[in-house]
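Let us take a friendly walk through this structure, one stop at a time. Keep the sequence and the 3D view at hand as you read.

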Amino acid sequence: MSMRGLTVFIADLRKCRIHELEEKRINKEMANIRAQFKRYQKKKYVCKLLYMYILGWDIDFGHAEAVSLISSDKFSEKQMGYLAITLLLTENSELIRLVINSLRKDLDSQNELFNCLALHAIANTGGREMAETLAREVQKLLISPMSKGFVKKKAALCLLRLFRKHSDVLPAVEWAERILPIMDDPDVGVVTSAASLITALAQQYPQQYAMCVPKAIRKLQWLVMESNFPSDYIYYKVPAPWLQVKLLRLLQYYPIPDDEALRQRILDILHCIIQNSREIPRNVQHANALHAILFETINLVIHFGCEPDLLAQAAALLGRFIASKETNVRYLGLETMAHLAGALDNPEPIRRHQELILASLRDRDVSVRRRGLDLLYSMCDVSNSRAIVRELLRYLPMADFALREEMVLKIAILTEKFATEYQWYVDTIIKLLSTAGDQVGEEIWHRLIQIVLGNEGLQEYAARVVLSGLRAPHCPENALKVGAYVLGEFGHLIANEPGCSPMDQFKSLHARFSTAPLATKVMLLTTYLKFVNLFPEIKEPCLRVFERYRYALDVELQQRACEYYHIVNRDTDELLQTVCEEMPPYPARESSLVSRLQRQYLDTEDKRTWVVGGKEANLELKSQDAHSAQAHALAAGTAITNATLAAAAQASAPGPARTAEVNLLNLDEDLSHLNPGEGGSVTGPDGAPEPVRGAGHVKLLTAGQGVLYEDDTIQLGVKSEYHGYQGRLVIYTGNQTGDVLTSFAITVHGVPHVKATTVQAAPTLIQPFAQAPYLVNLECHGAFDVPPHIHVTFGKGGTSGSTAAPVSLHIQLPVSIAKFIEPFSMAATDFFQRWRQLSVNKRESQAVFSAREPFQPEPVRALLRSTGLALLTDADPNPNNFVGVGILVTTSEKVGCLLRLEPSKEHQMYRITVRTTNENFSEILRHHVEDMVNQIEG
Amino acid sequence: MIKSVLIFNTQGKPRLTKFYQQIDVEVEQAILKEIHSLVARRPAQACNFLEGSKLLGGADTRIIYRNYATLYFVFVVDSSESELGILDLIQVFVETLDRCFENVCELDLIFHFEEVNYILSEIITGGMVLETNINEIIQAIRDSNRLMKANSANGGADDRSRWV
């Protein structure tokens, strides 16, 4: 089909030098299209309409024709139809409904280019209905092993759009295990898109998508430190700068990994990036790409915040950047330094550049000036607030119009926040009012009044300052309002000073009356009424004003004048005095200024990882995030089963920890009914998968090696060794199937007081029936009762090509506090001497419990030995009792542990008593041993 | 997220208007005018970033632009995008156009505006970056042109075969 008509039309329009001619030509063409549309060449006419749209003309017809093009078999017509709907239709348009069927057809099509057109259209126009009806199809295209890379990456972004717009209709949590492996895809384009998608998902479901952290770090390592990179993705000598930036940003939604190996790896990468950029090349594009990565790296370093060495390097780099000749670099340097200011405890590295930053307020470029202002606002504290505020005030009259209102607000906030003496506060705000004039919002003088009313010591001073302000040659409206209010309330405090007599005060105000706007006149009348009450000697002139304005044209003014006139002219002053009672101070409340400055974020956007405004503002942002994450987790957990609800209820009950312990055992039993192929995860009360105990857990608590977990697919065997506060676990993962396990990953998660570090990572692939080791080091830092756990994820079946659900297992490691106990032998006679010494200060924990099995001495003895305690045979007068001694070693201390277990054969009961030299350990150890005794089988 | 991609010439005549948010045509034109007036008066040595546009959402919105001869390429983005990354992306877009049109000039963008849109759709989807590899982008365009040619083999020559 020839598009000649289109070319002629465009050329015609180009000849139209004035708007009217263009309009005429457009109208003619529209009439022509309307007449011809139904018959032929729909594509050409739609194309013409699109051109008119781009020129800014509103297109009110032809949408239906565009929609009909979509179902054409001809690719060029289909493509034009899709282009038209992405440009012309909105998600609420009625016609969108008609498109959905065509979209579904094209998503299902064997032709990948048709898939792409549909995906692109959904990504641009996707509304709720599309999300509800098409999300499954889109997700299928994303995870299907049959999909080509160029389809996958479009599907990822399409899903992202639907998730952002309508997160409630997508089962994003369920999809985690299928979406996360896409980050391992060899195609850089696919990974880039997947990283965008996962960044959005991880913000809402940080726990469920936590696996993205090791994956992102692995990819970064590949990009930054290895050289086998596809040359296509090298942009001006830099490997995939876009992906690097994306990954660095993704990591900013998580804290620094607690796994030692992973942590070291990311720190090495960050070091390496900073080292690589020692010299910035001349080529603009090359330098741009390097800087893009560098700035994101610095942001991540600031976000981690715990590496003083890296932070110092980052601060030094930023110092260099803000002095750069390149405006872009200066701009970003200032911006990133504002981020740094929100994270540093010691502001010295920033304050060193204070002069330079202040000078940035005079930069030639308004964009840079704005960032300079943000940084000054963020870095301000008690020590430098005076210098910064002084400079801001000095610059204010010269500042751009657009910037001034924000500056005023920020000056006011800083002054209030960091004022150490009230006089400085009053001086500054009054100066602000008189300098900035009408750019000052009402909130600022309202706030000043609030503070003056609330501070008695300030009132006299304020009255003096406003009076001298009124006498300045230029007095903006807001300054006049403050003057009227403050003198009306506190003018009497200075009435005896020379030049401040009631008459002087009245004259100073009234000189401005005739030129003041109406609202201010009204205020002034009120002030005069207060004057009459305070200073009877100036009743006359005030009364004259009231009398005069009784006839003012404006109703508000007239009414006040009349009322005040009559109040003053009454026989007694009683009413006047009641009306003019001194204002009570305002209740203390948060400054309305800050809330005005706080910005709202739109729902479709990524969350900010930091905000302008220094440390406080950033702490607040973090706590908000934590709240919303909790809310999301709760929302995600609505599908939890009764069993987990019961577990949640028990776990949150204030009773002794024992109930939770028993419950965990129940869960353990429940698990055996589950289909092992389903994986060993149970959703916890907060929506996150809660680690469970493997079948071999209890045995391994006393044994050095054995099988921890087993199902149809994998077997996890554990071998462990402990020495002092350190432990080493080798976890053997065996593939029990004839398929390759793909995207295999294990991460270990420590708990408070137990640090867990990956020493040797598991391979990403496990061949059929093969076994691979994974090594973890543990360090005990203190008392703990919940053991660390591992998270195992993998996909099944490379050969069958099926899309079986990826598996995710959260399994507790068989580690207890007792593993860190070393036996200690002691003379039998010493035992009870020590025992008595430890009887004070809650160092004892005792319980009585009934045994499941009749008492047999041998198993109990073996059990107690396996906990690491040395058993003393002849110490206890009762030979049936057991006493044991051990030293529990942590990184910081050695804790002596004494245990006494008294069985009662006839009642089938035990009494257990544990005394330790550190009260934190007694109860936990007692629980543990009690639990273990209960596990003894007859 | 990228909120909008605009190309206009030094007089402010639009050559490409693409919005990834749902906005009325009048507002779109107002945004275009606003951005043109902001960008056109900036000196060459000023940075490529600007605060705004107010019409396209909050104070967190940034205008990132590059000037090539008579044309301005403008991306409006939110705070989650790397400013320099977007500058790279503009460069990728322009280099791709240059390869597709062989020394691209304003006239190419006028007479082949739909192709410019197709190229953009291989770089950005739904406001997110889809592909940054120029070869990959051009390959995608070629694939769809090949299909179009095959389709229209019996319906006469398609004038888009020029740069396949």
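This is a predicted model: local features need pLDDT of at least 70, side-chain atom pairs count only at pLDDT 80 or more; totals for chains, interfaces and linings use all residues.

To find G56(A), look in the loop of chain A between α3 (42–54) and α4 (63–70). What is G56(A) in contact with, once its neighbours within four places in sequence are left aside? The answer lies in the other chain: V25(B) and Q29(B).

Another residue of chain A that touches chain B is E22(A), whose contacts include K13(B). You will find E22(A) in helix α2 of chain A, which covers residues 19–36. Is E22(A) buried or exposed? E22(A) counts as buried, because its relative accessibility is 6% and the cut-off for buried is under 20%. Besides K13(B), and not counting residues up to four places away in sequence, E22(A) touches L13(A), C16(A), L55(A) and W57(A).

Now move along chain A to a sheet. In what order do its strands lie? This open sheet of 5 strands runs β5-β6-β7-β10-β9, and the pairing is antiparallel. At its edges are β5 (705–710) and β9 (754–760) of chain A, each of which pairs on one side only. On average, and with direction ignored, neighbouring strands here are turned by 25° against each other.

For a close look at one pair, take β5(A) and β6 (residues 714–723) of chain A, which are joined in the antiparallel sense over 5 bridges. Within this pair, G706(A) has V718(A) in β6(A) as its bridge partner.

Our last stop concerns the cysteines. How many disulfides does the structure hold over all chains? The count is 0. C542(A), for instance, is in no disulfide, and the nearest cysteine sulfur, that of C580(A), is 11 Å away. C542(A) also counts as buried, because its relative accessibility is 0%.

How values were computed: Residues are numbered from 1 along each chain as its sequence is written. Chains are lettered from A and ligands numbered from 1 in the order in which they are written. Side-chain values use heavy atoms; hydrogens and water are left out. Two strands pair if DSSP finds at least two bridges between them. Helices (H or I, at least four residues) and strands (E, at least two) are DSSP runs, numbered from the N terminus. Axes are lines fitted to C-alpha atoms, for helices over the stretch in contact, and angles run from 0 to 180 degrees between N-to-C directions. Buried means under 20% relative accessible area, exposed over 50%, partly exposed in between (1.4 Å probe, protein chains only). Contact means heavy atoms within 4.5 Å. A disulfide is a pair of cysteine sulfur atoms within 2.5 Å.
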